[in-house]
Amino acid sequence: MAGSEASCVLGIDLGTTSVKAALLVGTGRGHVVAASCSRETQAHASSLEAGPEGMEQNVRRIITALNECLAALPQQQLQRVSHVGISGQMHGIVFWKSDQGCRWTECGTSPTFEPEEVSHLVTWQDSRCSPAFLASLPPPQSHISLATGFGCATVYWYLKNSPDFLKCYDAAGTIHDYVVAMLCDLKKPLMSIQNATSWGYFNAKTKSWNTDVLKKSGFPLHLLPEVGDPGSIAGRTICAWHGIPKGTEVGIALGDFQCSVYSCLTERTDAVLNISTSAQLTISMPPGFQPPETPDPSSAVTYFPYFNGDYLAVAASLNGGNVLATFVDMVSRWMEELGLQVQESAIYAKIIKAALAQDDSKLSIHPTIFGERHVPEQLASVTSIAASELSLGHVTRALCRGIVENLCSMLPVQRLMETGVSRILGSGSALARNEVLRQEVERIFPFPVVYGKDVDAAVGAAMVMFHRK
Ligand SMILES: Nc1ncnc2c1ncn2[C@@H]1O[C@H](COP(=O)(O)OP(=O)(O)O)[C@@H](O)[C@H]1O
Ligand SMILES: O=C(CO)[C@@H](O)[C@H](O)[C@H](O)[C@H](O)COP(=O)(O)O
């Protein structure tokens, strides 16, 4: 009954590069994606406090992209939305004043909210916390090693370097926690244990913050959100929003990679490979699995809470589609310096075409320009450079291969085989839009590869709510 009366569920994903939205409609046997939309946020912002090491995003731009996305969805179906599920980029932190986080205004025919007293979002890509700074912090009681870009590490950085900044705000969360708090007018933000784990200083087993450790070191505890289980309801919308009725239930915000996995994983013998701005290779752990109490900082695999007490083992690479985006940006800047202007989308199309015509290359690119959390100091390198292999096609092919090989070095094919993996599910729009990356995925894995669409996390966030209904 995907007909006109069926109720709809809206899924939203606030990614690092783009915002996506997907409308799911119930059918007799499940659901279908009735409409979807994606908008780049173009939200990069300079950091006043951290300088070039900061990686911040302008929250207004993110919300503008969100509004544009929702405005592009069919009004009739938005009016039938019964639940909203929201996911987004993990680890990051945004601060706001709880009584002035946003202002609701009329936007076309329906109200929407505009950010007011809100800081920039300091993202997972932020590198202001050096290894020496992190080593100076109290050791967390968590199974996850602390890294730069994690919410609690960022708070400590402000505490040391810019304490007045923190005095301006009394609430904090991930960007998706912020949106949920604004939609439902939560005075105290609520965070899922998926996102709380991604901030550091969180014990996923007891589902609680390391308050004793944090308190002793003067951490502003009032900035820590309440925590809840993924799949639970955070509140109800306080206004009709883009036609979505007032009083619609909104789920607690979820991690984007868990939602990408949720959108496609059906068998325990599946591994999920997601490539968006970052990249992840994930397998699900058996029911009842508990991660070791203390992390191995040299391990490339971490364990993240999934749903219903289950865990995912994930190789989370900081070098995914962003490496290609950086390459495209570099080409575009070089061309500009040479007096030519070419749109980035045209560069993507050309480099992908050139690499498709170049199906092999001895050129070897280790692409970790952003480091990796377990080896932050190991940056990118290029080897086996032959004069005959310098075309755009060779370089793009080698770059795509390097991204996939790097991810596989973090969670090797051998380990996948030992755990019984028999299929790779590919998700994320960097993969969906790049045939060269897909070819390299198919080359490296000795398993069949099945692809999703480019709004997977948004679909996953909606599915979580759909299954609650
Ligand atoms: N025109 C394009 N063609 C192919 N790939 C693209 C194009 N534009 C962007 N990309 C890739 O998509 C990535 C961003 O994917 P996206 O799903 O929007 O990320 P996120 O979910 O992190 O917001 C970029 O880092 C880049 O590698
Ligand atoms: O770092 C991890 C997990 O530790 C990432 O996998 C996590 O999903 C983060 O949200 C991403 O890094 C950001 O997601 P995306 O915008 O690249 O899709």
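Ligand 2 is surrounded by 14 residues, of which Thr16, Met90, Phe257, Ser276 and Thr277 are the closest. The model is predicted.

**Ligand 2**
- By residue type, the shell around ligand 2 consists of nine polar residues, four nonpolar and one charged.

**Ligand 1**
- There are 17 residues around ligand 1, and Gly15, Ser276, Thr277, Gly321 and Ser429 come nearest.
- Helix H10 (321-337), helix H11 (344-356) and helix H14 (429-432) are the elements that each give two or more residues to this shell.
- The most come from H10, which gives four residues.
- The shell around ligand 1 holds 12 polar residues, four nonpolar and one charged.

**Helix H15**
- Helix H15 spans residues 435-444, and its residues Val436, Leu437, Glu440 and Val441 are buried.
- These buried residues line one face of the helix, because they fall within an arc of 140° when seen down the axis of H15.
- An α-helix has 3.6 residues a turn, so residues three or four places apart point the same way.

**Threonine 123**
- Threonine 123 sits in the loop between strand E10 (121-122) and helix H3 (131-135).
- Threonine 123 counts as buried because it has 24 C-beta neighbours inside 10 Å, and the cut-off for buried is 20 or more.
- Leaving aside residues up to four places away in sequence, threonine 123 touches Thr16, Met55, Glu56, Gln57, Gln89, Gly92 and Gly149.
- Leucine 23 lies 100 residues from threonine 123 along the chain, and their C-alpha atoms are separated by 27 Å.

Terms used
Residues are numbered from 1 along each chain as its sequence is written. Chains are lettered from A and ligands numbered from 1 in the order in which they are written. This is a predicted model: local features need pLDDT of at least 70, side-chain atom pairs count only at pLDDT 80 or more; totals for chains, interfaces and linings use all residues. A residue is near a molecule or strand if its C-beta atom, placed from the backbone, lies within 6 Å of it. Ala, Val, Leu, Ile, Met, Phe, Trp, Tyr, Cys and Pro count as nonpolar, Asp, Glu, Lys and Arg as charged, and the others, Gly among them, as polar. A residue is buried if 20 or more other C-beta atoms lie within 10 Å of its own, exposed if 12 or fewer, and partly exposed in between; C-beta atoms are placed from the backbone. The arc is that of the directions from the helix axis to the C-beta atoms. Two residues are in contact if their C-beta atoms, placed from the backbone, lie within 7 Å.
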